[in-house]
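Please keep the structure open while you read this note. Look up each residue as it comes up.

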Amino acid sequence: MKDSDSPAWLRWGLLTLISLTLVLALELLHLPAALLLGPMIAAIVLVVSGVPLTLSNPAFILAQGVVGMMIADHLPVDIFHEIAADWMIFLAGTSSTIITSAFLGWLLARSGLLPGTTAIWGSSPGAASVMTLMCEDYGADMRLVAFMQYLRVACCALSTTFAAWFLGHAGTALHHTDWWGIGSWTGLAVTVILTAVSPFLGMRLRIPGGALVLPLILGLVIKITGIIPIVLPQWLLGLSYAVLGWGIGFRFTPRVLRHAARLFPYILGAIIILITANGAFGVVLMHWAHVDLLTAFLSTSPGGADSVAIIAASTTVDLPFVMAMQVSRFLMVLLAGPLLARWLSGS
């Protein structure tokens, strides 16, 4: 029987089994963000092998909402004062990634390897889903843009995870995690309702990156006002991390890979150069901002803000600094990314 003929429950059961096995293996290696990385690798392996698996869009949107609320819960209430006080550090940190990625995209576009404005849109650092959805209106190949965006997200997730391991920042042991503890049932009820509604409202209002941004904003309002605690059980976070990992992995379908096969070495090379360059920026940031090397490396990582947040939350880095830098760049890309793409591509 072909993989496509097997029942859906069997395919999902196989995915879950492989995901859990990889999570446990990564935990034994003390790698952080095992709950994101294991499902992501499992999804890539199965989809590339021809096992037909798809994730419903609402599930992916809900998972982003949970991560947005988690980011808000970890940010201090005076985060905007900190950004304003050290605005030069945050401006330099975010601009370095954006300028480097734009330059690499411009070089790919000039090479003629990619059609239309594809290279520019595919090289934008962050806001992967937004750039993928917007690019087709400007003459870009949506399939290649999606491939470039999510390949970068996957590579950054792998590189930051192994950087954390190499620098001695072991992940939080799952067997020491309180999976079912609830600090406030009222806080849980309000948090769950907001997390279930706000991502879809953000999409409905056409807020760029709304599935992540609106829950983050509402979470910050709750945090600043102190009217009620944000309560996110560990099982909900773990499930959301797995869903995001699957959502990233499912992008690498055989059809997309065949479409991008000829260009894969060039795209991967540009991503490696970008990660390396931002690692160098991280060394500069470490000395300038007086933070540890992994905090600086995660702050300048050109991966998705959601995946970086998951990795940072599972290590001992300065999470508020990392997320302040990531959110600052995320918002800058949302505001300036489309304009920059149009300008560089001359469209």
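This is a predicted model: local features need pLDDT of at least 70, side-chain atom pairs count only at pLDDT 80 or more; totals for chains, interfaces and linings use all residues.

1. Local features are taken from places with pLDDT of at least 70.

2. Look at the surface next. Which residues form a nonpolar patch on the surface? They are Leu-158, Phe-162, Trp-165, Phe-166, Leu-167, Val-283 and Leu-293. Together these residues have about 650 Å² of accessible area. Helix H8, residues 142-166, supplies the largest share of the patch, with four residues.

3. Trp-165 sits in helix H8. Its relative accessible area is 45%, so Trp-165 is partly exposed. The reasoning rests on two cut-offs: buried means under 20%, exposed means over 50%, and partly exposed is in between. Keep these limits in mind for the points that follow.

4. Now turn to Thr-300. This residue belongs to helix H14, residues 293-300. Is Thr-300 buried or exposed? Thr-300 is buried, because its relative accessible area is 1%. A polar atom of its side chain lies 2.9 Å from the backbone oxygen of Asn-278. Asn-278 is also one of the residues that Thr-300 touches, once residues up to four places away in sequence are left out.

5. Compare Ser-328. Ser-328 lies in helix H16, which covers residues 319-345. Its relative accessibility is 18%, so Ser-328 counts as buried. The limit for buried is under 20%. Which backbone oxygen lies 2.6 Å from a polar atom of the Ser-328 side chain? It is the backbone oxygen of Ala-324. Leaving out residues up to four places away in sequence, Ser-328 touches Ile-83, Phe-90 and Thr-94.

6. Thr-276 shows another side-chain contact with a backbone oxygen. Thr-276 is placed in helix H13. Its side chain reaches the backbone oxygen of Ile-272 at 2.7 Å. Thr-276 is exposed, because its relative accessible area is 53%. The C-alpha atoms of Thr-276 and Ser-301 are 9.6 Å apart in space, and the two residues are 25 apart in sequence.

7. Aromatic rings come next. How many aromatic pairs does a search of the whole structure find? The search finds six. One of the pairs is Phe-103 with Trp-106, and this pair is stacked. The ring centres are 6.2 Å apart, with 25° between the planes. Both residues lie in helix H5, residues 87-111. They are three residues apart, about one turn of the helix. Phe-103 has 46% relative accessibility, so Phe-103 counts as partly exposed. Trp-106 has 33%, so Trp-106 also counts as partly exposed.

8. A second pair joins Phe-147 and Phe-264. Why is this pair tilted? The planes stand at 55°, so the pair is tilted. The ring centres are 6.2 Å apart. At 3% relative accessibility, Phe-147 counts as buried. At 34%, Phe-264 counts as partly exposed.

9. Some rings gather in a group. Which residues do ring pairs link into a cluster? The cluster is made of Trp-12, Trp-246 and Phe-250.

10. Check the backbone at His-290. Phi of His-290 is near 60°, which is a positive value in a residue other than glycine. His-290 is placed in the loop between H13 and H14. Is His-290 buried or exposed? With a relative accessible area of 70%, His-290 is exposed.

11. Finish with Trp-9. Trp-9 is found in helix H1, residues 8-28. Its relative accessibility is 66%, so Trp-9 counts as exposed. Trp-9 and Met-70 are 61 residues apart along the chain, and their C-alpha atoms are separated by 30 Å.

Terms used
Residues are numbered from 1 along each chain as its sequence is written. Side-chain values use heavy atoms; hydrogens and water are left out. Patches are made of residues with over 30% relative accessible area and no salt bridge: like charges are joined within 9 Å, nonpolar side chains (Val, Leu, Ile, Met, Phe, Trp, Tyr) within 5 Å. Accessible areas come from the Shrake-Rupley method with a 1.4 Å probe; for residues, only the protein chains shown count as cover. A salt bridge is a side-chain nitrogen of Lys or Arg within 4 Å of a carboxyl oxygen of Asp or Glu. Helices (H or I, at least four residues) and strands (E, at least two) are DSSP runs, numbered from the N terminus. Buried means under 20% relative accessible area, exposed over 50%, partly exposed in between (1.4 Å probe, protein chains only). A polar contact is a pair of N or O atoms within 3.5 Å; within protein, one must be able to donate a hydrogen and the other to accept it, and residues adjacent in sequence count only if both atoms are side-chain atoms. Contact means heavy atoms within 4.5 Å. Rings of Phe, Tyr and Trp (its six-membered ring) pair if their centres lie within 6.5 Å; planes under 30 degrees apart count as stacked, over 60 as edge-to-face and the rest as tilted.
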